[in-house]
Amino acid sequence: MSYLNVNRRAALLGGALLTAAPAILGSARSASAGTPGLPMRAIQRFSLGEMRLTVIDDQLFTVPTAIFGANQPAGSVDELFAKYGLAQEFANMQAQVVLAEIGDAKVLIDTGMGDITLPDSTPDNGRLFAGLAAVGIAPEDITHVLLTHGHYDHIGGVSADGQACFPNAEHFMAQSELEYWTAAPGTDANFENLMISYGNDKLAPVQGMIQTVSDGDEIVPGISVIAAPGHTIGHLAVMLSSNGESLLHLIDTSVHYIVGTNEPTWALGIEHDPAAAVATRRKLFGMAVEQNLLVAGYHFPFPGVGRLSVNGDGYLYTPVSIS
């Protein structure tokens with residue numbers, strides 16, 4: 001299923017974005033590894049057994065709330081938000097990249113948005129590199145880069161100016177994701193083609209460096225991928241484990257910490273396969289509860305780590321203090 005088929009009202013992300021899209025399709029070029037002038041904003045470091053995890057706040061952005069309930073009657077998301085005291089009509093979202101260090105390995109889980117700026121948006125992204133510098137890590141020090149899927153806010157920092165940003169790292173991605181995001185975009189001015197154009201631009205410089213992975217494969221000992229399709233064709237979640245401690249990184253299985261968990265059957269407006277996304281949420285949320293796992297979400301409020309519990313027909317996300 002392609003974007004916009006679920007619900008055009010929710011998936012367009014505003015008329016201004018699509019009005020500007022034709023000028024960008026096929027020409028989304030990079031200027032630098034991050035947005036110039038934006039300093040590091042927030043970092044959280046904590047231990048998981050012998051593994052050291054660093055959460056870096058990479059970006060802030062705003063989306064219409066309707067996108068989180070694309071298969072629901074108008075106003076459904078705002079009604080849910082009102083119960084939790086959240087603003088309605090538009091939601092402010094965060095995104096954070098995780099660096100996992102174990103032994104000599106420095107594994108970057110996604111690369112943030114890099115220097116990409118969406119049409120009619122104020123740049124507030126590309127803070128990953130300032131965050132790495134703040135903890136004394138240069139791009140050349142990264143040994144592994146895992147790209148969980150091809151959305152621009154996850155691959156934007158993998159390359160810049162036609163060059164790999166992490167030249168010494170092994171890169172990993174699902175085969176279906178690599179194929180989808182490196183195919184030529186269509187000519188229609190829609191959000192799907194805009195995102196494919198970003199995928200073309202950012203993945204081309206590293207395509208020859210990418211090793212493909214599938215369900216259960218290890219990136220390094222203690223870090224393995226879990227097939228989590230639906231959000232995109234080959235979307236991956238990540239399991240991190242060390243000395244009996246585990247964290248399930250949901251990535252974009254649930255994009256919003258309230259909607260996706262409380263209402264796992266509600267479709268996100270840009271999901272490739274809403275039915276598969278629901279099945280993935282049910283599977284991973286159930287796993288997290290049954291095994292009492294720590295969970296993380298790429299777009300959950302910083303630092304995005306907590307636990308899930310059963311809440312009626314859905315689940316409740318509760319943040320936890322980490323150190």
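**Notebook: surface, salt bridges, cores and a hairpin**

I began with the surface: the accessible area of the chain comes to about 12,200 Å², and carbon and sulfur atoms account for 50% of it. I note at the outset that the model is predicted.

**Entry 1: overall content.** I looked up the secondary structure and found 9 helices and 16 strands. Of the 323 residues in the chain, 57% are buried. I then took the contacts between residues at least 6 apart in sequence; 72% of these join residues at least 24 apart.

**Entry 2: salt bridges.** I recorded a count of 6 salt bridges. One of them joins the side chains of D57 and R41, with an N to O distance of 2.8 Å. The two partners are 16 residues apart and link distant parts of the chain: D57 belongs to strand β2 (residues 51-64), while R41 sits in the loop between α2 (15-24) and β1 (43-48). I checked the accessibility of each partner. D57 is buried at 3% relative accessibility, whereas R41, at 33%, is partly exposed.

I next examined K202 and D115, whose closest N and O atoms are 2.7 Å apart in a salt bridge. K202 counts as buried because its relative accessible area is 0%, under the 20% limit. D115, at 14%, is buried as well.

A further salt bridge connects D124 with R127, again with closest N and O atoms 2.7 Å apart. I found both D124 and R127 to be buried.

**Entry 3: nonpolar cores.** I turned to the largest nonpolar core, which holds 49 residues; F68, L108 and F166 touch the most other members. Two or more residues each come from β2, α3 (76-83), β3 (90-102), α4, α5 (152-155), α6 (175-182) and α7. Helix α7 contributes the most, with 6 residues. The general expectation I kept in mind is that nonpolar side chains tend to be buried together in soluble globular proteins.

For F68 I listed contacts, leaving aside neighbours within four places in sequence. The partners include V63, V77, F81, A91 and M93. Also on the list for F68 are V255, H256, V259, W266, A267 and L268. I noted a second, separate core of 27 residues, with V107, V220, V238 and L240 among them.

**Entry 4: helix α9.** I followed α9 through residues 274-290. Its 17 residues reach 24 Å from first C-alpha to last, close to the 24 Å expected at 1.5 Å a residue. The buried residues of α9 include A277, V278, T280, R281, L284, F285 and A288. As a general rule, an α-helix has 3.6 residues a turn, so residues three or four places apart point the same way. Just after α9, N292 adopts a positive phi of about 50°.

Entry 5: How do β15 and β16 run, and how many bridges join them? Strand β15 (residues 305-311) and strand β16 (residues 314-319) are antiparallel and are joined by 6 bridges. L308 stands opposite Y317 of β16. The hairpin has 2 residues between its strands, and there G312 takes a positive phi near 65°.

Key:
Residues are numbered from 1 along each chain as its sequence is written. This is a predicted model: local features need pLDDT of at least 70, side-chain atom pairs count only at pLDDT 80 or more; totals for chains, interfaces and linings use all residues. Side-chain values use heavy atoms; hydrogens and water are left out. Helices (H or I, at least four residues) and strands (E, at least two) are DSSP runs, numbered from the N terminus. Buried means under 20% relative accessible area, exposed over 50%, partly exposed in between (1.4 Å probe, protein chains only). Contact means heavy atoms within 4.5 Å. Accessible areas come from the Shrake-Rupley method with a 1.4 Å probe; for residues, only the protein chains shown count as cover. A salt bridge is a side-chain nitrogen of Lys or Arg within 4 Å of a carboxyl oxygen of Asp or Glu. The expected span of a helix is 1.5 Å times one less than its number of residues. Two strands pair if DSSP finds at least two bridges between them. A nonpolar core is a set of buried Ala, Val, Leu, Ile, Met, Phe, Trp, Tyr and Cys residues joined through side-chain atoms within 4.5 Å.
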